[in-house]
Amino acid sequence: MRRSAFVAFLASLPIVSACSASDQRLSTQLFVHSKTTCESIFKSHEVLIIENFCSTEGKPILIRVDDQEIRSDWIDERTSRFLFQEGCASSDECFYELSTNEVGVRGRFSYRINMTEGEYSFEVDKSGQSKVFKQSSKDIPS
């Protein structure tokens, strides 16, 4: 009984990044939580990303980690719009993985949409400037 409680406790802990503790503090996955006519919402506990496709004022991306909010222009607008239009193959096959650091947040977006899968890694600083580091996508054989 104690062993299963300990395993359950370990499974509930956030995933710790392989990078140094000073560089990245915590890594968590955010899955599609809901979709409205204007927004895709990715959520996990105290972390939230909202992609807004209707608002013409302000920045379309809101990242909320604990009590910190970062507003950003598109990280990868083409992929976000494709996902918004086509949807994920299933709710757990499109997700963000975020880590906080001194600069802001660093992350990865992984997706499987229709017959395409891919990912990109990125960083968004506290002022909202985003940078994509690497991208990949491929067609999935049927």
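I started with the disulfides, taking a disulfide as a pair of cysteine sulfur atoms within 2.5 Å. This is a predicted model, where local features need pLDDT of at least 70, side-chain atom pairs count only at pLDDT 80 or more, and totals for chains, interfaces and linings use all residues. Residues are numbered from 1 along each chain as its sequence is written, and side-chain values use heavy atoms, with hydrogens and water left out.

**Entry: disulfides**

I searched the whole structure and found 2 disulfides. I looked up cysteine 38 and found it joined to cysteine 54, S to S 2.0 Å. The link of cysteine 38 and cysteine 54 is left-handed, with -90 degrees about the S-S bond. I then asked where the two ends sit. Cysteine 38 lies in the loop between strand E1 (27-35) and strand E2 (39-44), and cysteine 54 in the loop between strand E3 (47-52) and strand E4 (61-65), so the pair ties together parts that are 16 residues apart in sequence.

I checked exposure next. My classes are buried for under 20% relative accessible area, exposed for over 50%, and partly exposed in between, using a 1.4 Å probe and protein chains only. Cysteine 38 is partly exposed at 23% relative accessibility. Cysteine 54 is partly exposed too, at 41%.

The other disulfide is formed by cysteine 88 and cysteine 94, with sulfur atoms 2.2 Å apart. I read -135 degrees about the S-S bond of cysteine 88 and cysteine 94, a left-handed link. Cysteine 88 is partly exposed, with a relative accessible area of 22%. Cysteine 94 is buried at 0%. Counting bonded cysteines along the chain, I noted the pattern 1-2, 3-4.

**Entry: the sheet**

I traced the strand order. An open sheet of 9 strands runs E5-E4-E3-E2-E1-E6-E7-E8-E9, with antiparallel pairing. Which strands stand at the edges? Strand E5 (68-72) and strand E9 (130-139) do; each has a single partner strand, so one side of each is left without a neighbour in the sheet. The twist averages 20 degrees from one strand to the next. For angles, I took axes as lines fitted to C-alpha atoms, for helices over the stretch in contact; angles run from 0 to 180 degrees between N-to-C directions.

I zoomed in on E2 and E3. They pair in the antiparallel sense over 6 bridges, where pairing requires that DSSP finds at least two bridges between two strands. Serine 40 stands opposite glutamate 51 in E3.

I then looked at what packs on the sheet. Helix H2 (residues 77-86) does, touching E1, E2, E3, strand E6 (94-100), strand E7 (104-113) and strand E8 (116-125). I counted contact as heavy atoms within 4.5 Å. The direction of H2 makes about 45 degrees with that of E7.

**Entry: salt bridges**

I counted a salt bridge when a side-chain nitrogen of Lys or Arg is within 4 Å of a carboxyl oxygen of Asp or Glu. The count comes to 7 salt bridges.

Arginine 64 forms one with glutamate 69, the closest N and O atoms being 2.9 Å apart. I find arginine 64 partly exposed at 30%. Glutamate 69 is partly exposed at 45%.

Glutamate 93 and arginine 112 meet in a salt bridge at 3.7 Å, N to O. This pair links distant parts of the chain, with glutamate 93 in the loop between H2 and E6 and arginine 112 in strand E7, 19 residues apart. Glutamate 93 is partly exposed at 24%, and arginine 112 is partly exposed at 30%.

I also looked up arginine 108, whose side chain meets that of glutamate 97 at 3.9 Å, N to O. Arginine 108 lies in strand E7 and glutamate 97 in strand E6, 11 residues apart. Arginine 108 is partly exposed at 22%. Glu97, Arg108 and Glu119 are linked in a network of salt bridges.

**Entry: backbone phi**

Most residues other than glycine have a negative phi. I looked for departures. Histidine 45 has a positive phi of about 45 degrees. It sits in the loop between E2 and E3. At 75% relative accessibility, histidine 45 is exposed.

Asparagine 114 also has a positive phi, about 50 degrees. I place asparagine 114 in the loop between E7 and E8. Is asparagine 114 buried or partly exposed? Asparagine 114 is partly exposed, at 43%.

Note on methods. Helices (H or I, at least four residues) and strands (E, at least two) are DSSP runs, numbered from the N terminus.
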